[in-house]
Amino acid sequence: TYHAVQDTKAYKTEEEINCIHATIDCEQPQPDLYKFRGNINIYMGNEPVSRSLASQNLLLRGATLKNTEYIYGVAIYTGMETKMALNYQSKSQKRSAVEKSMNAYLVVYLCILISKAVINTALKYVWQADPNKDEPWYNEKTETERQRHILIRAFTDFLAFMVLFNYIIPVSMYVTVEMQKFLGSYFMMWDDEMFDEELGERAVVNTSDLNEELGQVEYVFTDKTGTLTENNMEFIECCVDGNVYVPHVICNGQVMPGAEGIDMIDTSPGPGAREHEELFFRALCLCHTVQVKEEETVDGIKHGIHQGKSSSFYISSSPDEVALVEGMKRLGFTYLRLKDGQMEILNREDEIERFELLEVLTFDSVRRRMSVIVRSSTGELYLFCKGADSAIFPRVISGKVEQVKARVEHNAVEGLRTLCVAYRPLSAEQYEQVCHLLTRAKLEFQDQDKLVAEAYDLIERDLILLGATAVEDRLQDKAADTIESLHKAGMKVWVLTGDKMETAAATCYASKLFRRSTQILELTTKRTEEQSLHDVLFELSRTVLRHYGGMPRDTSSGCVFVTTNDLVKMYF
């Protein structure tokens, strides 16, 4: 979501834009598409008002407007200083291993050809050193040849020997290899096993340079989300103070209609739990960057159609956030819109609640959480925070941590993606301190990232745990069969993911990357904290040698290394 600086949002016509007196200070051009640092100084009186600029205020070339008819802006970088131009890389030609080896052999053959030509040229002049052998009767020299300089004659003879022995260079081999590649690409397109029945399309070979490489692949590196899985998130359940809520099944302790035949969980909230329950739902309706799209078509595709009428739907860069907001809608709390800094929610009583959005502490892979600061219509200030359990639990000072943690671990084992939600009430004095801290950090050019991270760390403390959510990301069709085929072909598959270790392991079992007989070797930060890295690696190597000692390696029951830290986990 991109937005203007709060102080310039009121200027909406060309005449008003022309009246703005401001200067922009920004960093030197850099290729990072997701980072921008700058300040805008707006002169409204004697003292300029300084506001920070970030990547949310910068539109890249080629951006498409959505939910906005038009904008006014100022060009920051132009020409070769734009981020797109700085990211331009010259196209490199791909060469296969066979072609590289052929080029190496070509250099050897060329050296042999040159050496042979030099040796024969030298032998010729050694032979012609004898006057009796210089001009045989069948090859007498002309007068012009006798007067030509010896260096020119030697060079001419050298070229003659190069032409004479040029058969050493295997030119026909290159033609044969290229013909084989070209014809081989057609066999790939004709292969019925590579025909997509859903799309009705065959495999398309865009280049024939790397055909033979397909049979030499040994390692396959893949991401989990969007590759092994569909990246289509579905809200499964949420847990508030140990009480489980399943959309259309259990809500507020009541069994919903049409839920027959589903295993129920008796999680009726006790007295006084309704306030925490509704606060949890409000937190998920407010702590996100989701936009509401009300148009009927997006990029030529119809969306939001219900009974022939156009209705709103949610869009976001993160499918997890869309799933959570839609899950809250099914549980009775509907996020309506963000308009003029006001977030609107429709509660269970069909009443519209408005919250003023004051600050957004954006998500990053280091913190693994995001937060918002909002003000309710009654003037109460809240900090709502959601993120990974490892990023939330250490910052919680109260709440039913053990019950929520148990449910998070249960969902992780089931292969679900989990998030924890917490909040912190703020006083007016605390909010003023927060604003001062964030403003000072964002206006600094030097070490801005470090200062902002420190400010976020100070703000996101002393949280009260509300609950956790569980979202499912289904496996792609035939993903398990594909990985099993890769294993049978002798390929090693590495999967990179940022999920909890239990979630990733459950996905690996479901996709047949792991088998029940697979021995799993774990290399975790927790283990390296208890032992030295050298001791852990030595112990793992002994286990591998003991497992494979005296028997051939079988890929179906091989060892699997699990490497994990607070950021990523890798499975082999």
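Buried, as the word is used in these legends, means under 20% relative accessible area, whereas partly exposed covers the range from there up to the exposed class, which begins over 50%. The model shown is predicted.

**View 1. Arg-367 and Asp-364 form a salt bridge.** The closest N and O atoms of Arg-367 and Asp-364 are 3.1 Å apart. Arg-367 has a relative accessibility of 8% and therefore counts as buried, while Asp-364, at 27%, counts as partly exposed.

**View 2. Arg-369 and Glu-460 meet through their side chains in a salt bridge.** The N to O distance in this pair is 2.7 Å.

**View 3. A network of salt bridges links Asp-364, Arg-367, Arg-369 and Glu-460.**

**View 4. Arg-354 and Glu-344 form a salt bridge between two strands.** The closest N and O atoms of Arg-354 and Glu-344 lie 3.4 Å apart. Arg-354 is found in strand E17 (residues 352–361) and Glu-344 in strand E16 (residues 342–346), the two residues being ten residues apart. Arg-354 counts as partly exposed because its relative accessibility is 41%, whereas Glu-344, at 8%, counts as buried. In the whole model, the count comes to 25 salt bridges.

Terms used:
Residues are numbered from 1 along each chain as its sequence is written. This is a predicted model: local features need pLDDT of at least 70, side-chain atom pairs count only at pLDDT 80 or more; totals for chains, interfaces and linings use all residues. Side-chain values use heavy atoms; hydrogens and water are left out. A salt bridge is a side-chain nitrogen of Lys or Arg within 4 Å of a carboxyl oxygen of Asp or Glu. Helices (H or I, at least four residues) and strands (E, at least two) are DSSP runs, numbered from the N terminus. Buried means under 20% relative accessible area, exposed over 50%, partly exposed in between (1.4 Å probe, protein chains only).
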